[in-house]
Amino acid sequence: MTTAPQASFFAGIARRGLLFIMSSPSGAGKTTLSRKLLAADKLISMSVSVTTRKPRPGEVDGKDYYFISNDAFETMVADGDLLEWANVFGNLYGTPRKPVETALAAGRDVLFDIDWQGTQQLAQAMKDDLVRLFILPPAPDVLRERLIKRAQDSSAVIAKRMAEAAHEISHWPEYDYVVVNDDLEKAHQQVFAILTAERLKRRRQLGLAEFVRNLTKEL
Ligand code: 5GP
């Protein structure tokens, strides 16, 4: 006779948090995909970067970015407070170190919206904990339309970002996964599947050996 499984036995297996990086040219839908992932999964939180760029309309300090001065940025660099930093389109962007280390230590995952330069730096410092995902637009016109529709940047900035997009895209081979965002829901499902699979990697499931020991003890 089989007995019903005990609900209390499986309380989750302790695991290491991972760093989930999403890079793409501006306008590939990365921000929307990040928001959808954060809404769908409570174990991952966003790394909020510091930047010297001026806020766009609607952007909230402390949520979208911490908007800081050049001097404050340089102090953070000098004090070692940034995990990585880069000059992107003439502005400085960086990842504050402390919140990331706190989240990882608690077994939580961290989502990063950073460029290829920051990704390379994190790959050097924390390779084993990194998952690198590149988002591509399905066609050049789609990228242009998305940038114009967003209309938060001047047309000069849009033209510059189109030119920069090709350079950003050239770094796709440095990523573990590539998702083409032609359909938002499909792209979201793919991103979510990647996160799920990466969490299940054996080496990330720190509590697995103990779990299996307990499991087999009474077999
Ligand atoms: P935006 O100005 O459109 O918000 O961002 C411009 C670019 O800077 C995007 O490609 C974004 O991924 C990148 N970025 C944002 N925060 C950081 C960061 O902390 N570090 C690095 N390396 N890039 C960042």
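Which residue does Asp64 meet in a salt bridge? It's Arg35, with 3.9 Å from N to O. By salt bridge I mean a side-chain nitrogen of Lys or Arg within 4 Å of a carboxyl oxygen of Asp or Glu. The two are 29 residues apart, with Asp64 in the loop between strands E3 and E4 and Arg35 in helix H1. Helices (H or I, at least four residues) and strands (E, at least two) are DSSP runs, numbered from the N terminus.

Quick word on what we're looking at. This is a predicted model, where local features need pLDDT of at least 70 and side-chain atom pairs count only at pLDDT 80 or more, while totals for chains, interfaces and linings use all residues. Residues are numbered from 1 along each chain as its sequence is written, and side-chain values use heavy atoms, leaving out hydrogens and water.

Okay, back to the bridges: the count comes to 15. Take Arg199 and Asp41, whose closest N and O atoms are 2.7 Å apart. Arg199 sits in helix H7 and Asp41 in the loop between H1 and strand E2, 158 residues apart. Both are buried, meaning under 20% relative accessible area, where exposed is over 50% and partly exposed is in between (1.4 Å probe, protein chains only). They also belong to a network of salt bridges with Arg15 and Asp109.

Next up, Arg132 and Asp176, at 2.9 Å, N to O. Arg132 is in strand E8 and Asp176 in the loop between H6 and strand E9, so this pair ties together parts 44 residues apart in sequence. Arg132 counts as buried because its relative accessibility is 17%, whereas Asp176, at 40%, is partly exposed.
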